[in-house]
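Visitor: Could you go through this structure with me, step by step?
Guide: Gladly, and here it is to look at while we talk.

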Amino acid sequence: MKAQFYRIKFLYEKEGMSQRQIAKKLGNTRNTVSKYFKTDEAPTMIKRQNTSIVLLI
């Protein structure tokens, strides 16, 4: 996840590629690339607690 973030930033800032070009090159959607453009920090993974309920019928 972090590697993808830095690669997207690099392709945009250093290579001058558009969001559409980056999405096509990396095999992502434009929405994913756009999401990374809107932040200055790499996203982190948060492990969620399992909150499922088992119903015994």
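Visitor: Which residues in α1 meet which residues in α3?
Guide: From α1 the residues are Q4, F5, I8, K9 and Y12, and they meet T32, V33, Y36 and F37 in α3, where contact means heavy atoms within 4.5 Å. The residues of this contact divide into six nonpolar, two polar and one charged; here Ala, Val, Leu, Ile, Met, Phe, Trp, Tyr, Cys and Pro count as nonpolar, Asp, Glu, Lys and Arg as charged, and the others, Gly among them, as polar.

Visitor: Before we go on, where does the model come from, and how are the values made?
Guide: It is a predicted model, in which local features need pLDDT of at least 70 and side-chain atom pairs count only at pLDDT 80 or more, while totals for chains, interfaces and linings use all residues. Residues are numbered from 1 along each chain as its sequence is written, and side-chain values use heavy atoms, with hydrogens and water left out.

Visitor: Back to those two helices, at what angle do the axes of α1 and α3 cross?
Guide: They cross at roughly 85° and come within 10 Å, the axes being lines fitted to C-alpha atoms, for helices over the stretch in contact, with angles that run from 0 to 180 degrees between N-to-C directions. The two helices are therefore roughly perpendicular to each other, since angles under 35 degrees count as roughly parallel, over 145 as roughly antiparallel, 65 to 115 as roughly perpendicular and the rest as oblique.

Visitor: How many helices and strands are there in the protein chain?
Guide: The protein chain has three helices and zero strands, and from the N terminus on the elements run α-α-α. Helices (H or I, at least four residues) and strands (E, at least two) are DSSP runs, numbered from the N terminus.

Visitor: And which residues make up the largest nonpolar core?
Guide: Ten residues do: F5, I8, L11, M17, I22, A23, V33, Y36, F37 and A42. A nonpolar core is a set of buried Ala, Val, Leu, Ile, Met, Phe, Trp, Tyr and Cys residues joined through side-chain atoms within 4.5 Å, and buried means under 20% relative accessible area, with exposed over 50% and partly exposed in between (1.4 Å probe, protein chains only).

Visitor: Which helices supply residues of this core?
Guide: At least two residues of the core come from each of α1 (2–13), α2 (19–26) and α3 (30–37). In soluble globular proteins, nonpolar side chains tend to be buried together.

Visitor: What is M17 in contact with, its close neighbours aside?
Guide: Leaving aside neighbours within four places in sequence, M17 is in contact with L11, Y12, I22 and K25.

Visitor: Now G16, where is that, and is it buried or exposed?
Guide: G16 is found in the loop between α1 and α2, and it counts as exposed because its relative accessibility is 59%. Beyond its neighbours within four places in sequence, G16 is in contact with L11 and Q21.

Visitor: Moving into α2, is L26 buried or partly exposed?
Guide: L26, which has its place in helix α2, is partly exposed, with a relative accessible area of 21%. Apart from neighbours within four places in sequence, L26 is in contact with R7, I8 and L11.

Visitor: What about K24, buried or exposed?
Guide: K24 is also placed in helix α2, and it is exposed, with a relative accessible area of 73%. In sequence K24 and A42 are 18 residues apart, and in space they are 21 Å apart, C-alpha to C-alpha.

Visitor: Stepping back, what radius of gyration does the whole chain have?
Guide: The protein chain has 17 Å, whereas a compact globule of 57 residues would have a radius of gyration near 10 Å; the radius is taken over C-alpha atoms, and the globule rule is 2.2 Å times the number of residues to the power 0.38. Along the principal axes, the C-alpha atoms fill a box of roughly 60 × 20 × 15 Å.
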